[in-house]
Structures are given as C-alpha cells and as structure tokens.
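These are my notebook entries on one structure.

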Amino acid sequence: MTITLRNTLAAVTAMGVLTAMAFTVAPSQPAAAQSVKLKKIRTATSISPQERQQGDQYHPQLMAEFGGAYTGPQAAYVTRVGQGIAVQSGLSGARSDFTVTLLNSPVNNAFAIPGGYVYVTRQLLGLMNDEAELAGVLGHEVGHVAARHSKRRQDAATRNTILGVLGTVLGGAIGDSGGLLGGLGGLLENSSMQIAQAATLGFSRGQELEADQLGAQYLVKAGYDPAALASMLASLANQTALDARVAGRDSRSLPAWASTHPDPASRVQRAAAVARQINGTRGGNRNAAAFLAAIDGTLYGDDPEQGVIEGNEFLHPDLKLRFAVPAGFGMQNGATAVTIAGSNGQAQFTLAPYAGDMNAYVDAAFRKLGGQTRIPYGEVRRTTINGLPAAFANARVNTQSGQIDIAVFAYEFARDRAYHFVALAPAGQLRGFDPMFASVRRMTDGEARGVRPRRLDVITVGRGDSMASLAQRMAYTTYQAERFQVLNGLPANAVLTPGQKVKIIVYGAR
C-alpha cells in the first residue's frame, strides 16, 4: 500500500495474465503421452489507430495500479527481450512500436493491452530462470492481443468496462448500481490485488491455449527454445501452490478465479507437446547466463516503501503502522490497499481522506462500498485500540450468495490521517476478524528501521554446496527449502553442480 491514494480501476484492462494454478507440477513432468494438433489462428497484422489510442489512454492507469515502472538496470533488458519477441507477432515490424514495461509489483503477473503495450512484474521476472522463459511469457501475452481475444470478450460483454475485457464475468459480482454487492467471492474484486487474479477470467480455456501456441511460435521465430513456456508454466503453478501453503490455504484445490482455465498439469504437458510439434527436437536458445546476470539484485517481494508482508503481519515503515491477520488468511499488497482473503471472509486495509470526523469517515467508507446503493449500517461506536482512537460500524446485507456481514473499522493516526478495514464475511462470522481489528498499532522507530527489502542474489554453487545448505541462506524463516526449489525450477531430488548459477533471496539495504 503506497502513501498516495490512487483511483482503483473498476475493471481490468489487462489482456491476459499468464494463469497461475494452485497445484504442484514437477518441472520435469513428462509430456510425451500428449499429442496436439496445431490450430490455424487468425491474428491481426497491424496496430490500429483506435488500439493505439486505447493503449495510450489506459497505460498510465495500469502503471499506477501496479506500482509504477521498476527503475533498476533490469528494465532495459526486459524491454529489449520484450520488443524482440513482440515483433514476431506481425502486429508491427518496428520494435519501437512496442512499449515493454517492467513493473514494480510483488505480484506474479504479466499482461498486454492493445496499442503495443506489454507488461511483466519484477516478481514474475524473479521466478524465471532464463531469457527464453521471459520471451515466452511476453509472447503469450502479445498472442492474446494479436488474436484479438479482447475483442471477442468485448462483443459478448453485457457491461461497458474498460476495453470490455471483464464485462460478462464481473457482471454478477459488481451490482448494477456500480457498488460491490455481488457474490461474496467477488465483493472486493476491483481492488488492485485482485486485478492479477480477476484478469485470468477474461479469457476462455481455448483462448489461453491459443495464446500458448502463439507464444511458442513466436519463440521459434526468434530463435528461442519453445519448451521454455512449458517450464515457466510449471514454475508458476508450483509457486502458486507454495503461496497457498505459506498462507495456510488448501493448495490442492483449484481457486475459483482460475476455474475457466485448463488444469496446470495438462496445460504444462500441452505446452510441451506444442513445442515439440512446432520445433521437433531442435531446441533453441535459452540464454540462462545472460538472464541471470541481468536480474541479479532485483527487488523481490514487497517494496518497503509500499509496506511489506512478514508471515501474518503487514508492516509499513514509512507510515509507522502494523497489523496481523488471523490464521488461515493470506495477504497481498496492492497500490491502494492490502487485501486479506480466507475461506471465511475477505477484507481490505486502506486509507481515505480524513478531516478529523471519525463518524463521517466510517460513513464515507460504507458509501464507497455501496456505490449508488445505500448500505444501512448500525451505530458508529468508538473505542481505543493500542492507544489509537478508533471507530467501527456493522451492516448486514442480502447478496446473490446469501446474507453477509460487513464491518468498517477505522483508526485515527493523526488529525488529518486515518486508515480503515472493510471486512466481509458470511452472516454471523465477522468475529473471526476481531483479532485483526485489535492488532493495529504504531511501529516504533526501531521497528521501522528493521524492515529491510529482499533481493535476488545470483550465486555460484561451490564444492560441498547442496540445495539444503543454500536454502538455509534464504531470507525467510519458513519453507526455505521449498522456496529455493521453486525459485530455481528444480525438482526435489536435484543435485547441484559446482560452478552452477542459482538464485537465492537475501536481505538488502533500503
């Protein structure tokens, strides 16, 4: 959560996030049993003036939603690789027609929008292990644009969203009033954290597989190994499964937001089969050494200037605040809010304009949540939480998923600065958030100084090094071995070789 509030997009402009699935897929999983027949996919041959105008209009908004551009030396490298793969699409032969941006976001995400705009987050970059994987991810996203998948969604849309990408999907979650009184699973869908997840619903299974095929074809044309897309999909699936375990969620079940997509095992297998169908056994460039040298030192995970998540706690050293979420709930930090999600509810922690009147502040939060529909809430009650003046109110509303309870819990940090939770749960289950509401407090100066960023460190395996010994150097207190394995795309029984390059996560200086 950044210090400056930004307007959250009500719908996703992204043209297709590379789908992450919550299943474990071994990097070396065989795919020989699956054969595929390549499709003839009709693609655009140019970027129209209208598409260029759309991209120019929404690019600044996307930049704001995803933390802005990452300004490290890695950005130029990503731009060069991205432009090189984008021209393979036939949308334009000029590399300069494509704006490729490395985003300062801790979310595993990549997408493209019409007009030649292509994006990848630094977090997803850190999960990759060679240049071909980077090119494959960006080629997949450009493939969505070239195949005009967004146009098909727009034609079917029942609501007018930005580019129409999610019109039919979010119609049931966002009330006709423009408020957020849809089904419980979508109540907070237009937070910046949920953009990465919701965007995956913009495309059908068939469209995702088409983009996989186009991405593989672009890789071959550029001289890369098309199997890189399959290995990247496997790493992404494994990372998502690990994230679920870390958050205490069931990593075996498919998340609802991914229900329209092929399951991860079959998609990895199919991507590998497509690569063989296109390229046989010829392989191609992976450029692992150049890639690892380029990403060395990249910020990984949360940026302390936007707040960090440590276990079940959120800490913001610049705003001098911290809070903890209950067991079984996960957090993700976004441009305008921290989003908390678990099996028994969802919540957001954010800030809004404050002029010293807590009652008016709570009322404004309910008004924003309801849009044009007034949410009738109970008495605003006052209390003190860890020395902070606080106020809260509850409401019960009927939704498509039944009755839900809503709470707004606000905290005054200064006469002109306040923060609040909006929490939603099935009727009668809001009490599960009580420990979170009671955990908000100021950070001491010492605590704030102790919050350090994590960075990627590319190291050379030495004699006697093993996965276990190197995993102990990871800047985490839990799941060190699993994090090291997934980060490097390694099977559990991998044997490291002296001289081999691997990635670890270490603490750096602010």
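**Entry 1: helix α1.** I listed the buried residues of α1 and found E51, Q54, G55, Y58, H59, L62, M63 and E65. I took "buried" as under 20% relative accessible area, "exposed" as over 50% and "partly exposed" as in between, with a 1.4 Å probe and protein chains only. The model is a predicted one, in which local features need pLDDT of at least 70 and side-chain atom pairs count only at pLDDT 80 or more, while totals for chains, interfaces and linings use all residues. Residues are numbered from 1 along each chain as its sequence is written, and side-chain values use heavy atoms, with hydrogens and water left out.

I noted that helices (H or I, at least four residues) and strands (E, at least two) are DSSP runs, numbered from the N terminus. An α-helix has 3.6 residues a turn, so residues three or four places apart point the same way.

I then checked the length of α1: its 17 residues reach 25 Å from the first C-alpha to the last, close to the 24 Å expected at 1.5 Å a residue. The expected span is 1.5 Å times one less than the number of residues. At Y58 I found a kink of about 35°, shortly before the proline P60; such a bend is the angle between axes fitted to the seven residues ending at a residue and the seven starting there. Just after α1, G67 has a positive phi of about 85°.

Entry 2: In what order do the three strands of the open sheet stand? I read the order as β1-β3-β2, with mixed pairing. β1 (99-103) and β2 (110-113) are at the edges with a single partner strand each, so one side of each has no neighbour in the sheet. Two strands pair if DSSP finds at least two bridges between them. β2 and β3 (residues 117-121) are antiparallel over four bridges, and A112 is opposite V118 in β3. Helix α1 (residues 49-65) packs on this sheet and touches β1, β2 and β3, its direction making about 15° with that of β3. Contact here means heavy atoms within 4.5 Å; axes are lines fitted to C-alpha atoms, for helices over the stretch in contact, and angles run from 0 to 180 degrees between N-to-C directions.

**Entry 3: Q83 in helix α2.** Helix α2 (residues 74-86) lies across β1 and β3, at about 140° to β1. I located Q83 in α2. Is Q83 buried or exposed? Its relative accessibility is 16%, so Q83 counts as buried. Its side chain reaches the backbone oxygen of R95 at 3.3 Å.

**Entry 4: strand β10 and its partners.** Seven of the eight residues of β10 (residues 345-352) are buried, so this strand is largely enclosed by the rest of the structure. Five bridges join β9 (residues 338-342) to β10 in the antiparallel sense; the two form a hairpin with two residues between them. I340 is opposite A347 in β10. β10 also pairs with β14 (residues 417-426), antiparallel over seven bridges, where A352 is opposite A418.

**Entry 5: helix α12.** I recorded the buried residues of α12, among them Y361, F366 and L369. The buried residues of this helix pack against β10, β11 (381-385), β12 (388-399), β13 (402-414) and β14. G371 follows α12 with a positive phi, near 65°.

Methods
A polar contact is a pair of N or O atoms within 3.5 Å; within protein, one must be able to donate a hydrogen and the other to accept it, and residues adjacent in sequence count only if both atoms are side-chain atoms.
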